[in-house]
Structures are given as structure tokens and as C-alpha cells.
Amino acid sequence: MLPQKLKDILREMKQSAVNDLFFTNWHGELLKYNAIQSAFNAGFIALELPWRSTHICRHTFATLALMTTKNLSAVQASLGHSEQKTTQVYAKTVALLSSETGQKTAELIFKDS
């Protein structure tokens, strides 16, 4: 279910990894969630952006997936939601966006891909 570009990146990371873990600290140990949050927050601070939780990445994925596929059940499965009502929160967000807004946003995000 991963895009080919992401598979290629992960394959390259695996080849240069010192163990079976992809995301490790300087000692080769699995990253703790608070370390991920700290790095994420540091990026927002460095870019002078307002603070956002790492959960925003999950929301962004869900919204883009739903805009692209229009398949609520598939997005629900990819997010691991047991209730479709939970996934419908993203559907409401998508319904508020015009197709032009969605297209322009996607072009901005994937401009250099």
C-alpha cells in the first residue's frame, strides 16, 4: 500500500542501516515518541511556524488520501479506524474543499516530487 517512491526511500535506508530498525537514535536504538515529537517541534520552531502536534501528519494523510481516492472505506482501513464515523471526520474536511482548492494544495505539496 506504500507509494513506490516511499518504498525506494525505505529500501535505501535499510541498506545503510546498522540493524533492522529504520528510525533510530545516535546509539542505534529505536526512537522514542517524545524524541520524534521534539524533532518535529524543532522543525516548526526553526521554520517559525505555529506549533502543531505530530498527529497533524495523520490528518494530512487522511485528507489527501480521501481527496485522491474518494474511497472512505479504503482510508478507514489504512488508518486502522474500527468505526467509519471516525474516518468521516476527514470526509467533512474534504467536502469543504473545492476541487480547485484541493488541486492547488496538492500541486504545492508535490511541487518538487
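This is a predicted model: local features need pLDDT of at least 70, side-chain atom pairs count only at pLDDT 80 or more; totals for chains, interfaces and linings use all residues.
Figure 1. Follow the sequence and you will read the pattern α-α-α-α-α-α. The radius of gyration is 17 Å, well over the 13 Å that the globule rule gives for 113 residues, so the chain is more spread out than a compact globule. Here the radius is taken over C-alpha atoms, and the globule rule is 2.2 Å times the number of residues to the power 0.38. Helices (H or I, at least four residues) and strands (E, at least two) are DSSP runs, numbered from the N terminus. Along the principal axes, the C-alpha atoms fill a box of roughly 45 × 35 × 30 Å.

**Figure 2. Surface and burial across the chain.** The accessible surface comes to about 9100 Å², and carbon and sulfur atoms account for 60% of that area. Areas come from the Shrake-Rupley method with a 1.4 Å probe; for residues, only the protein chains shown count as cover. Buried residues make up 18% of the 113 residues, where buried means under 20% relative accessible area, exposed over 50%, and partly exposed in between (1.4 Å probe, protein chains only). Among contacts with a separation of 6 or more, 24% are between residues 24 or more positions apart; contact means heavy atoms within 4.5 Å.

**Figure 3. The largest nonpolar core, with nine residues.** Look here for A62, A65, L66, M67, L72, V75, L79, Y90 and V94. The elements giving two or more residues to this core are α3 (55-69), α4 (72-79) and α5 (84-96), and the largest share, four residues, comes from α3. A nonpolar core is a set of buried Ala, Val, Leu, Ile, Met, Phe, Trp, Tyr and Cys residues joined through side-chain atoms within 4.5 Å. In soluble globular proteins, nonpolar side chains tend to be buried together. To pick out one member, V75 touches A62, A65, L66, T69 and T87, leaving aside residues up to four places away in sequence.

**Figure 4. H81, a buried residue in a loop.** This histidine is found between α4 and α5, and H81 counts as buried because its relative accessibility is 15%. A polar contact of 3.5 Å joins its side chain to that of R58. A polar contact is a pair of N or O atoms within 3.5 Å; within protein, one must be able to donate a hydrogen and the other to accept it, and residues adjacent in sequence count only if both atoms are side-chain atoms. Not counting residues up to four places away in sequence, H81 touches R58, Q76, T86, T87 and Y90.

**Figure 5. The aromatic pair of F40 and F44.** The two rings are tilted, 4.9 Å centre to centre with 45 degrees between the planes. Rings of Phe, Tyr and Trp (its six-membered ring) pair if their centres lie within 6.5 Å; planes under 30 degrees apart count as stacked, over 60 as edge-to-face and the rest as tilted. By this rule the count comes to one aromatic pair. Both residues lie in helix α2 (residues 33-46), four residues apart, about one turn of the helix. F44 is buried, with a relative accessible area of 17%.

Figure 6. D8 is partly exposed, with a relative accessible area of 36%.

**Figure 7. Positive phi at E48 and K70.** E48, in the loop between α2 and α3, has a phi near 55 degrees and is not a glycine. K70, in the loop between α3 and α4, has a positive phi of about 55 degrees. E48 is exposed at 74% relative accessible area, and K70 is exposed at 63%.

Key:
Residues are numbered from 1 along each chain as its sequence is written. Side-chain values use heavy atoms; hydrogens and water are left out.
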